[in-house]
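This briefing walks through selected features of a two-chain model, grouped by topic. Please read it with the sequence and the structure side by side.

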Amino acid sequence: MPKLSYLKALNRALGDELDRDPDVFLLGEDIRAAASNLTAGLFTRFGPDRVLDTPLSEQAFTNFATGAALAGLRPVIEFQIPSLLFLVFEQIANQAHKFSLMTGGQCKVPVTYVVPGSGSRTGWAGQHSDHPYSLFAHVGVKTVVPATPADAYGLLLSAIRDDDPVVVFAPSGALGVRDDVDFATLRPVPLGLGRIARAGSDVTVVALGHLVQDALAVADELAGEASVEVFDPRTVYPLDVDGLAASVARTRRLVVIDDSNRTSGFGAEVLAVAAERFDLDAPPRRVTRPDGAVLPFALALDRAVQPGRDDLLEAIRGVLTEGGRQ
Amino acid sequence: MSTVDLYRTVRLIRRFEERAIEFVRSGEIVGGIHPYVGQEAVAAGVCAALRPDDLITSTHRGHGHVLAKGVNPARMFAELMGRESGLNKGRGGSMHAADLSLGILGANAIVGAAGAIATGAAWAQRRRGRSTVAVSFFGDGAVNEGMLLEAFNLASLWRVPVLFVCENNGYATTMPVHSAVAGSITGRAKAFGIPAFSIDGQDPEKVLAATTAAVDRARAGKGPTFLECRTYRFDAHHTFEHRARLNYRSTEELSTGRSRDPVEIQGARLAAEDRTAVDAEVEALLDAAAGIALGSAHPDPAAALEYLYATPMPGLRR
């Protein structure tokens, strides 16, 4: 079976959608030359009207995409740097997202925002290493963080076909993941539907994006002492609460690992849902970036503020020993 | 568009706004409005040069633009009053009035934001093989917003069929232009290679002539034009000023500014009996419109977040 990398899966999804739907077009910085490799080969295949290389004008080209969407097209914007989403937060949260309600449903704004290389990019320091998916979830913009090549393909396809704005975070730590994939099985993955990445019976670990690999590795490491289920929500917003509830109903224990800062992050939301809805045998735990974290440059410092496998291992053991299991 | 049609438009906007101010005072409109009184010639002249399928984006001071583009005054009153029969079903209000069926991509409450939206929409229409143009209205305050200047660059670079119409009414809220704008307003557009003209924004005929030339140029594939329409806001920045009594314009200045009234300028071009007939027609239209709006249903609070998403999602929690 052929190998498909996560980044190549995103590239393939863009190519397939450009091919299928003449209303789809790409815009962003350095996408003609494919500096991030996301758009490799697409300019040659589809030309300058479908692959629109833009000047460094993020706020204008984000609103430009909203205008193009109002006129019937389906723009896909690439942001090479996750922190650029802070610069265009107004254009996404306050413009694109609000048109449907504010116009009483007269229009739709089907724009997709893709960040190939979100989170720490190892050595890119404070202003290039954020992972602001929780912010978009908070304001109600549909937000996905795929973990596998097949999901990267399928979720990006669904994001482009959705009639609302959707932000797609492709974590830097996941771009190099390669899986055996039968291309004939690639298909859209619905937004808002999680998956069980590994079945288990003692504890549910919620993990997104590149952290799914970490959760699977920790689950393997713990195989002799506990049966760990890994739940990958795939979509941060809306969260698949029913899927998570079904998993927790089996395991009655919960840990979430989340590459957001702690306060008001995705992990906090998962724990709030647990407090409201789940019957647990031990208090749930979250493994996150620290409050207010700014990623420092030096490698050891960068790693120190990211949620890691050791922290996750400790949190899992913690919930297993509480509540009378051991 | 005939002399009488232009008069009808400026008169309609004036009387609509005066009635809307009354509805603010009586409490039928909550949140207040940004009155367009004094600037009617800009909306009337610009929209008279457009086809029904041309696009506009509007501003927080946008009632004139949407009326001139052809919205039903009853549905506009109803929107201002937050009624279900409003243009936006009561979900947008004064600062977000939109009618996509008339090419009105919405009034936008963030100053300078819509320049790029209009540019993107115009670019998309051209890509889809249409010959439509888009007009983005904004005030003098917007020329100091970076994203608008970025939009000028994109529009000029890609020769987008868009018109940038700056209504220079002298003030960004209370900030006078001369204290806010270094260089000149038209100089900003010229820096990006966009032809820019400063015109008398109190005379609908002059605005119509300048816009017609700009629209022709855009349809011919020659790219954007920038029009600075020199105008004057006769009333408050926002109706809150009627009670706040902010002191930033002298009575002498107000008197001079109001002396060039677009309704009078255009009205003087009509025979007295024709003008009287149009005035009566406008009053009858607005009487009926206000009656319809006042009789319209209020939205159901249970539907407060209807229309939030175009593609409804499973799993959204309330």
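Predicted model: local features only at pLDDT ≥ 70, side-chain atom pairs only at ≥ 80, totals over all residues.

Strands, like helices, are DSSP runs numbered from the N terminus, a strand being a run of E with at least two residues. In that sense A:Val206 is found in strand β10 of chain A, which covers residues 203–206.

**A:Val206 and its surroundings**

- A:Val206 counts as buried because 30 C-beta neighbours lie inside 10 Å, where 20 or more are needed for that class.
- Leaving aside residues up to four places away in sequence, A:Val206 touches A:Phe231, A:Pro233, A:Leu244, A:Val256 and A:Val270.
- A:Val181, which is 25 residues apart from A:Val206 in sequence, is 24 Å apart from A:Val206 in space, C-alpha to C-alpha.

**The two domains of chain A**

- The domain assignment divides chain A into domain 1, given as 3–185, and domain 2, given as 195–324, and the centres of the two, taken over C-alpha atoms, are separated by 26 Å.
- Between these domains of chain A, 27 residues of domain 1 are in contact with 21 residues of domain 2.
- On the side of domain 1 of chain A that touches domain 2, the elements giving two or more residues are α7 (133–139), β6 (142–144), α8 (149–161) and β7 (166–171) of chain A, and the largest share, five residues, comes from α7(A).
- By class, that side of domain 1 of chain A is made up of 13 nonpolar, 12 polar and two charged residues.

**The contact between chains A and B**

- Chain B brings 38 residues to the contact and chain A brings 40 residues.
- On the side of chain B that touches chain A, at least two residues each are supplied by β2 (104–107), α5 and α6 of chain B, and α5(B) gives the most, with 10 residues.
- The residues on this side of chain B divide into 21 nonpolar, 11 polar and six charged.
- A:Gly72, placed in the loop between α3 (58–70) and β4 (74–78) of chain A, touches A:Asp23 as well as B:Ala124 and B:Arg128, not counting residues up to four places away in sequence.
- With 16 other C-beta atoms within 10 Å, A:Gly72 is partly exposed, and its C-alpha atom is separated by 8.6 Å from that of A:Lys108, 36 residues apart along the chain.

**Helices α5 and α6 of chain B**

- The axes of helix α5 (residues 114–127) and helix α6 (residues 146–157) of chain B come within 8 Å and cross at roughly 20 degrees; α5(B) and α6(B) are therefore roughly parallel to each other, a term that covers angles under 35 degrees.
- The crossing in which α5(B) passes α6(B) is left-handed.
- B:Gly115, B:Ala116 and B:Thr119 of α5(B) make this contact with residues of α6(B) that include B:Met147, B:Leu148 and B:Leu154, and the contact residues divide into six nonpolar, two polar and one charged.

**Backbone features**

- Most residues other than glycine have a negative phi, and most peptide bonds are trans.
- A:Tyr237 and A:Pro238 are joined by a cis peptide bond with omega about 0 degrees, and A:Pro238 is found in the loop between β12 (235–237) and α10 (241–251) of chain A.
- Phi of A:Asn37 is positive, near 75 degrees, in a residue that is placed in the loop between β2 (24–28) and α2 (42–46) of chain A.
- Phi of B:Tyr307 is also positive, near 75 degrees, and B:Tyr307 lies in the segment after α13 (272–294) of chain B.

Methods. Residues numbered from 1 in each chain as written. Chains lettered and ligands numbered in written order. Axes fitted to C-alpha atoms, helices over the stretch in contact; angles between N-to-C directions. Helix = DSSP H or I, 4+ residues; strand = E, 2+ residues; numbered from the N terminus. Parallel < 35°, antiparallel > 145°, perpendicular 65-115°, else oblique. Left-handed = near helix turned anticlockwise from the far one by under 90°. Contact = placed C-beta atoms within 7 Å. Nonpolar A, V, L, I, M, F, W, Y, C, P; charged D, E, K, R; others polar. Domains from an automatic or database assignment. Buried ≥ 20, exposed ≤ 12 C-beta atoms within 10 Å, placed from the backbone.
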